[in-house]
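Have the viewer open as you read.

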Amino acid sequence: MFAEPSFVALPKIENNAVAPRIIYIENPRFPRVGADDLRKVVHAAAALVDEHYGIKVESPSHIPILDIDDVFSKLVENKPPQFKDLIGDFRNGKVDWDIVRDNLVKQIEKQKDSLAEQIDFARPYLIRPLEGEDLDSFSRAVVETFEARLSHWTVAKLADGHPVIGEVPGRPDLPFNEWDYWTLMAKRGIDAEIVLTNQLVASVEYIPIPVHTSIRGGITGGSTEYNPSSRLGSSVWISLFPYLSDDPHIRKFRNGENYTRDEALSYAGAMVAHEMGHQLLQLGHPWSNDACIMRPAEALDFASWVNKFDAKKCRIDSSPAMKPGTMKAPIW
Ligand SMILES: [Zn+2]
């Protein structure tokens, strides 16, 4: 017999108020995010958490800054055996994309939406037209899109003239962009309920990856993960890069729009509030109701996502996905 997987318990929220500890993990190569910027993200999140979930968020008076080199060198030293086998080495062009496609096919078949609906959703973002409307043609085009968009970051450069993702002379070569390591960071226990970073997280793993993550080239904007050091049982992490960057590949996913800094920070706050819905109430994803903050954003088009929010049209308990305790982070 295998042990039953266990999950983070639904946190008890006293007096409908929380006081999360927030930390900021900084990569000095990426655009700087100051203390005022971080406060704006937190205030935007707090307003939405109050409006949509009826929970008050007390903002911390201080947000400590951690150096990403310190955090990641410890994670790499203590990583589980075989951890590396899960990660596709796209930096060196050594990803087995056939395995990625097999996993994607399984993921597509598992969805409640029909294949035609999934194709309609993804079509505007594919890098080439489909050869046919079948699963084989669709999965090939999605994987080609994934590969092209993810490899882009090994070529696109930051202000220092070096690639967004890749080795940089004089800097430690650590897997800052790998989603797996951000999950591991929570599992190892980090003393925060919310983790913000300016680092881009984009990667490919040999696990089932959803279509919406694949077509944007493996970018993850945020996640909620089991964290034994969190007072809520899980912690949220959010990458600010997709909001703050004006890279052409990012802009393609937001209908070509540029955001002002304040817009970008408030949209990042919306993503924090979305993840806090997973964290505080363990809500799921109500795909069919776009008034819900718990419905994931299309691609990276945050302006149109946020503009559809309407708390009155998406109350707690209003649909199966909006019932507390629906989506629980696994304990691993
Ligand atoms: Zn979500």
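The classes put Ala, Val, Leu, Ile, Met, Phe, Trp, Tyr, Cys and Pro under nonpolar, Asp, Glu, Lys and Arg under charged, and the others, Gly among them, under polar.

Before going further, a word on the source. This is a predicted model, in which local features need pLDDT of at least 70 and side-chain atom pairs count only at pLDDT 80 or more, while totals for chains, interfaces and linings use all residues. Numbering runs from 1 along each chain as its sequence is written.

Helices (H or I, at least four residues) and strands (E, at least two) are DSSP runs, numbered from the N terminus. The protein has 11 of the former kind, helices, and nine strands.

Back to the pair: α3 spans residues 97-110 and α5 residues 135-155, and their axes come within 10 Å, crossing at roughly 125 degrees. Axes are lines fitted to C-alpha atoms, for helices over the stretch in contact, with angles from 0 to 180 degrees between N-to-C directions. α3 and α5 are therefore oblique to each other, given that under 35 degrees counts as roughly parallel, over 145 as roughly antiparallel, 65 to 115 as roughly perpendicular and the rest as oblique. The crossing of α3 past α5 is right-handed, meaning that the near helix is turned clockwise from the far one by less than a right angle.

A second pair is α1 (residues 35-53) with α10 (residues 261-280), packed at about 50 degrees with axes 7 Å apart. α1 and α10 are also oblique to each other, and α1 passes α10 in a right-handed crossing. The contact of α1 with α10 has 14 nonpolar, five polar and three charged residues. Among the residues that meet there are Val41, Ala45 and Leu48 in α1, and Leu265, Ala268 and Val272 in α10.

As for the whole chain, the 332 residues would give a radius of gyration near 20 Å in a compact globule, and the protein's 19 Å agrees. That radius is taken over C-alpha atoms, and the globule rule is 2.2 Å times the number of residues to the power 0.38. Along the principal axes, the C-alpha atoms fill a box of roughly 55 × 55 × 50 Å. Of contacts between residues at least 6 apart in sequence, 73% join residues at least 24 apart.

Burial goes by C-beta atoms placed from the backbone: 20 or more others within 10 Å is buried, 12 or fewer is exposed, and in between is partly exposed. By that count, 42% of the 332 residues are buried.

| Residue | Other C-beta atoms within 10 Å | Class |
|---|---|---|
| Gln82 | 7 atoms | exposed |
| Gln282 | 22 atoms | buried |

Gln82 sits in the loop between α2 (68-77) and α3 and has a positive phi of about 65 degrees without being a glycine. Gln282, in the loop between α10 and α11 (302-307), has a positive phi too, near 55 degrees. Leu174 belongs to the loop between α5 and α6 (179-188). Leaving out residues up to four places away in sequence, Leu174 touches Asp69, Phe72, Ser73 and Val76. Leu174 and Phe72 are 102 residues apart in sequence, yet their C-alpha atoms are 6.6 Å apart.

Technical notes
Contact = placed C-beta atoms within 7 Å.
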